[in-house]
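Visitor: Hi! I'd like a close look at one part of this model, and then a walk through a few other spots. Could you show me the chain?

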Amino acid sequence: MLLFTSLLSSVVFGLSISSTIATSQEPLALNPSCNTFDPRAYPMSAARCTALNRATSESTTIALEYVNVNPSANRTLLLVHGWPSLWSTWSNQIKHFEKDYNLIVPNLRGFGGSTHPGDVQSSGTMADMVSDLTCVLEHASVQHKVVCVGHDWGAQVCWEAARMRPDLFEAVAGAVLPYLAAAGPLIPVENLSVLFPGLTYNIFFEKRTNEAAAELDTSIRRSLRAALRSASSPPPPAFLTSSTSFLDAWSDFEEIPPVPFMSPEEEDYMVEQYSMQGFGKTLQFYTHGNRLGSWSFDRAQGNFSIPQPALYIMPTNDPVADWEKILVLAGSPSFFSQLRIEPMDTHHWPQLEDPHVFNLILQDWLNHLPSNSV
């Protein structure tokens, strides 16, 4: 789940995107997949990467865990999760693409067994995340350009990776969060929640980060179940609309139903992984220091365009926000020269809620990419 950094006020609501949507012309056969996914069956590697703690101005080394599947394949997909997620929330894509692609699937800094430099307020910018990804790719000995595929905050990481490092990323795909360029002003979170009430929880995460982490850590399973909902098993209407609590909307539920698109074993794995460090450092995406740092870095670079082939998968039934309106307000398509937009009728987790359609869209787009180059 996420908060966008800047909007272009010159773009108005209501612009139709139907003319920009490219649809598949021929049906594609999807690889058969197993009914269950066992995250423990995939061995983890760990890259040791340099990171800066801006609170202390100290350089440190962090360990970034990742799964590396089919490393001999000709094309590499780097799958980047969002919040509250892990590498394992790409389960359906791993099962579908693992025979044909090299898949590198990390836990971002502060998630699961991937460590953090220690400063949640300002040491988790987009540039930091992109640096982490390049470190992982180097550790994995990837010798060619890769395709970055991100969900939620991971989408913004991938957009920025493509923008910052076209020498490393040949194409980019993002689900949920459209590209949010720093071409406009940095918008206060309070202003955003007026337009999109489902973003109000961002105020809690930004203004009271430690309190938010404590609430989430009280019951990790309950927190994960609250966030990981679907159209078939939605959250209460008031969820995400409080600036003082993430879980208050669930107060009438003694027990929140299990995550609807995970097996009990996958949910247990998520709880186990989040129990290692808690939620605290994962809230780096929401803090003012990191938002300002990301925006300032991009502004200083002065280049906001993404020339590579790009795919945006947009959920149309997400309680977090109306992503079509955000796409229009942010003027996202104007920063691309090769953008394909595909809507999906899901809540916030299209790769988990409707993996068949998600994988078909992604596979068709990948099939039309030019041959990868070093």
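Over which residues does pLDDT stay under 50, and how many contacts beyond four places in sequence does the model have for them?

Guide: Good place to start, since this is a predicted model. The part you're asking about is residues 2-34, where pLDDT stays under 50. The model has 89 contacts beyond four places in sequence for that stretch.

The chain as a whole averages a pLDDT of 91, and 90% of the residues score at least 70. Among the helices and strands, confidence is highest in strand β3 (residues 76-80), with a mean of 99. The lowest mean belongs to helix α4 (residues 189-195), and that is 93.

With that in mind, let's move on to helix α10, residues 323-330. This helix is mostly covered, with 6 of its 8 residues buried. Those buried residues are Trp-323, Ile-326, Leu-327, Val-328, Leu-329 and Ala-330. What do they pack against? Helix α4, plus strands β7 (310-315) and β8 (339-344).

At its start, a side-chain oxygen of Asp-322 comes to within 3.1 Å of the backbone nitrogen of Glu-324. Just past its other end, Gly-331 has a positive phi of about 60°.

Next, a pair of helices. The axes of α2 (residues 126-139) and α3 (residues 153-164) come within 9 Å and cross at roughly 75°. The two are therefore roughly perpendicular to each other. On the α2 side, the contact is made by Met-126, Ala-127, Met-129, Val-130 and Leu-133. From α3 come Trp-153, Gln-156, Val-157, Glu-160, Ala-161 and Met-164. Sort these residues by type and you get 9 nonpolar, 1 polar and 1 charged.

Ser-91 sits in helix α1 (residues 91-97), and at 2% relative accessibility it counts as buried, because the cut-off is under 20%. Leaving out residues up to four places away in sequence, Ser-91 touches Phe-37, Glu-266 and Leu-352. Thr-56 lies in the loop between β1 (44-53) and β2 (58-69). With 41% relative accessibility, Thr-56 counts as partly exposed.

Technical notes:
Residues numbered from 1 in each chain as written. Predicted model: local features only at pLDDT ≥ 70, side-chain atom pairs only at ≥ 80, totals over all residues. Heavy atoms only, no water. pLDDT = per-residue confidence, 0-100. Helix = DSSP H or I, 4+ residues; strand = E, 2+ residues; numbered from the N terminus. Contact = heavy atoms within 4.5 Å. Axes fitted to C-alpha atoms, helices over the stretch in contact; angles between N-to-C directions. Parallel < 35°, antiparallel > 145°, perpendicular 65-115°, else oblique. Nonpolar A, V, L, I, M, F, W, Y, C, P; charged D, E, K, R; others polar. Buried < 20%, exposed > 50% of the residue type's maximum accessible area, 1.4 Å probe, protein only. Polar contact = N/O pair within 3.5 Å; in protein donor to acceptor, adjacent residues only side chain to side chain.
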